[in-house]
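Below are my notes, in numbered points, to read alongside the coordinates.

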Amino acid sequence: MDIDAFVSKAAAIVGPDSLFTDNRHLEQLTDNSLATPRSLACHVRPRTSAQVKALVDLARETGVPLYPISRGHNLGYGDRSPVTDGNVLLDLSMMRAIRNYDAELGHVEIEPGVSQQDLYEFLQAQKQPLWMDTTGAGKNASIIGNTLEGGFGHTPLGNHREEFADAEVVLGTGDIIRTGIFPNLGPDVKGIFVQSNFGIVTAMRIPLMPVPEHFESFVIKAHSKDSLPDIVNVLRRMRLEGIVRSCVHIANPMRYLISSKLCPAEYANTLLDDDDAIRIMSSPLLSVGQWSAAGGFYGLRKTVKAHKSTLKRAFKGIATVQFFSRKTIDRLSAIFQTMSVVPIPFFRKVSESLDSFRSILDMMMGIPTDEAYKNILWRVSSLKDFGLIWFAPVVDAKGDKARRIVEIAAPLYRAHGFEMPLTLTLVSPSRLVGILSITFNKNNQEEKDRAHSLYKALYAAFSADGIHTYRTSIMQMADQDLMPPWKRDFHNVLKHALDPQGIIAPGRYGMK
């Protein structure tokens, strides 16, 4: 590995203003929410796919590994940090072109530096009746970055890894390929570039959704802790039958609380549970259930009306179902914001709840929001202390499988002294992704040790039960093999063919 040769030649490719070697700068880049920093060889920011290809050719010549990032907002999984030490951080955030927009076919091609807000503003400027899909990752998060991690959003286009097409990829051989648009002749290879290190994706086509004649969201609330299996089973049937087409997010009260506000001062030294969260969040007008689910209806007004009736009947005796439109939420918000200037906690609580729900409604309509970041610190007072680890088990969309996630995780959270915020998302009709978070003070050694211990305990317990994660962090990528042997062996064959020198993201998702 000849890093000096790489640095001197890379400057000629991208320009000296896009190459950074200062140690303090590099340390700041890999300061992450996991409290698991990595060392970097240097930081380089190409602006075109041609420059990316030139850097890959240079990396092959000098033996220097490259770790590509889109915008570096992989919060809770590693942020901008590589899996292993000594990589060049290949930062694609300057690649922000939006091209090949086709309003008739409903798609657009984007580069890795395009954020959710960038695409939203672009679509607004086009004045065309098209919506994008959004995630809760925030306005500045990369769309491609989320897709390549297997992420998901809120609308019928929410399963991002399934929806993209025609990726432009610079392979580890230095070749540039397009994965194609399908149906077409031959295999569709786009999927091998999700959660892998075979190449560097420099562009992809993503679909857009025609603005429906009518959109309305639904909220399902159940007041029994034992209702989770029934909720999952009914929603699975609704999705399989096409009654509900969007992703549906099911949350426990702790997730609702942590997403809506910082930890109340009076609970600073108390470990909260779901009943505490319900008491803090509920008001006479807006109650919080032991389980709450949210999704959306998109389509003709008559169709939405029929689907609303079907959903209500399906949940009779299980949970209550309420429906909201953007107009309703805005109207109620305006009323209660006016009243909240009066020092009455009831009005303030209702106003806060409406604001929180409006951000969820916005995401269902393709509008990115930073609402989740307002309260992300939870128990720490400064972003420099903020620690976050996500753990994301995935199971079949069956009620008993959902219940098993809770049964495994809950005692481990209690034993390690953390609240357990949980979301379960029907990403597809047959697959359910659990999202568990561990929030901690990363500069408090005792708290950090407990958080890391909990993360390892979750992995061990779920793996022992035959449950794996849909996504993982740089900590786990380096610690163990993530794939069964047959899959790992096949991936190694692909790796050696597409990146024979192993210079792209060594160790990513267990692939060397």
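**Notes on the model**

1. Strand S6 (residues 107-110) and strand S10 run antiparallel and are joined by four bridges. Within this pairing, glutamate 109 stands opposite arginine 205 of S10. Please keep in mind throughout that this is a predicted model.

2. S10 has another antiparallel partner to look at: strand S8 (residues 165-171), joined to S10 by five bridges. Here glutamate 168 stands opposite alanine 203 in S10. How many of the nine residues of S10 are buried? Seven are, and strand S10 (residues 199-207) is thus described as mostly covered.

3. Now to an open sheet. Its four strands come in the order S1-S2-S4-S3, with mixed pairing. Strand S1 (19-20) and strand S3 (66-69) are at the edges; each has a single partner strand, so one side of each has no neighbour in the sheet. S3 pairs with strand S4 (residues 87-91) in the parallel sense, over four bridges. Tyrosine 67 has leucine 89 in S4 as its bridge partner.

4. On to the nonpolar packing. In soluble globular proteins, nonpolar side chains tend to be buried together. The largest nonpolar core in this model has 110 residues, and the members that touch the most others are Phe6, Leu119 and Ile438. Helix H14 (residues 399-416) contributes the most to this core, with seven residues. There is also a second, separate core of 14 residues, which includes Tyr298, Ile329, Met364 and Ile367.

5. Which residues does phenylalanine 6 contact, leaving aside neighbours within four places in sequence? They are Cys42, Leu55, Leu58, Ala59, Thr62, Val64, Leu66 and Val88.

6. Valine 248 belongs to strand S13 (residues 248-251). Is valine 248 buried or exposed? Its relative accessibility is 0%, so valine 248 counts as buried. Not counting residues up to four places away in sequence, valine 248 touches Phe218, Leu235, Ala293, Ala294, Leu424, Thr425 and Leu426.

7. Alanine 314 sits in helix H10 (residues 301-314). Why does alanine 314 count as buried? Because its relative accessible area is 15%, and the cut-off for buried is under 20%. Beyond residues up to four places away in sequence, alanine 314 touches Val234, Arg237 and Met238. The C-alpha atoms of alanine 314 and leucine 235 are separated by 8.9 Å, although the two residues are 79 apart along the chain.

8. Helix H9 (residues 274-281) has six of its eight residues buried, so the helix is largely enclosed by the rest of the structure. The buried residues in H9 are Asp274, Asp276, Ala277, Ile278, Ile280 and Met281.

9. The structure contains eleven aromatic pairs. In one of them, tyrosine 101 and phenylalanine 122 have ring centres 5.3 Å apart and planes at 85°, so the pair is edge-to-face. This pair links distant parts of the chain, 21 residues apart: tyrosine 101 is in strand S5 (residues 98-102) and phenylalanine 122 in helix H4 (residues 116-126). Tyrosine 101 counts as partly exposed because its relative accessibility is 22%.

10. Tyrosine 455 and tyrosine 459 make an edge-to-face pair too, at 5.3 Å centre to centre and with 80° between the planes. Both lie in helix H15 (residues 445-464), four residues apart, or about one turn of the helix. Tyrosine 455 and tyrosine 459 are both buried. Ring pairs join Phe391, Tyr455, Tyr459 and Phe462 into a cluster.

11. Finally, here are some charges over rings to inspect. The charged end of arginine 450 sits over the ring of phenylalanine 418, at 4.8 Å from its centre. Lysine 190 lies over the face of phenylalanine 164, 4.8 Å from the ring centre.

Technical notes: Residues numbered from 1 in each chain as written. Predicted model: local features only at pLDDT ≥ 70, side-chain atom pairs only at ≥ 80, totals over all residues. Heavy atoms only, no water. Core = buried A, V, L, I, M, F, W, Y, C linked by side-chain atoms within 4.5 Å. Buried < 20%, exposed > 50% of the residue type's maximum accessible area, 1.4 Å probe, protein only. Helix = DSSP H or I, 4+ residues; strand = E, 2+ residues; numbered from the N terminus. Contact = heavy atoms within 4.5 Å. Phe/Tyr/Trp six-rings, centres within 6.5 Å; stacked < 30°, edge-to-face > 60°. Lys NZ or Arg CZ within 6 Å of the ring centre and 35° of its normal. Pairing = 2+ DSSP bridges.
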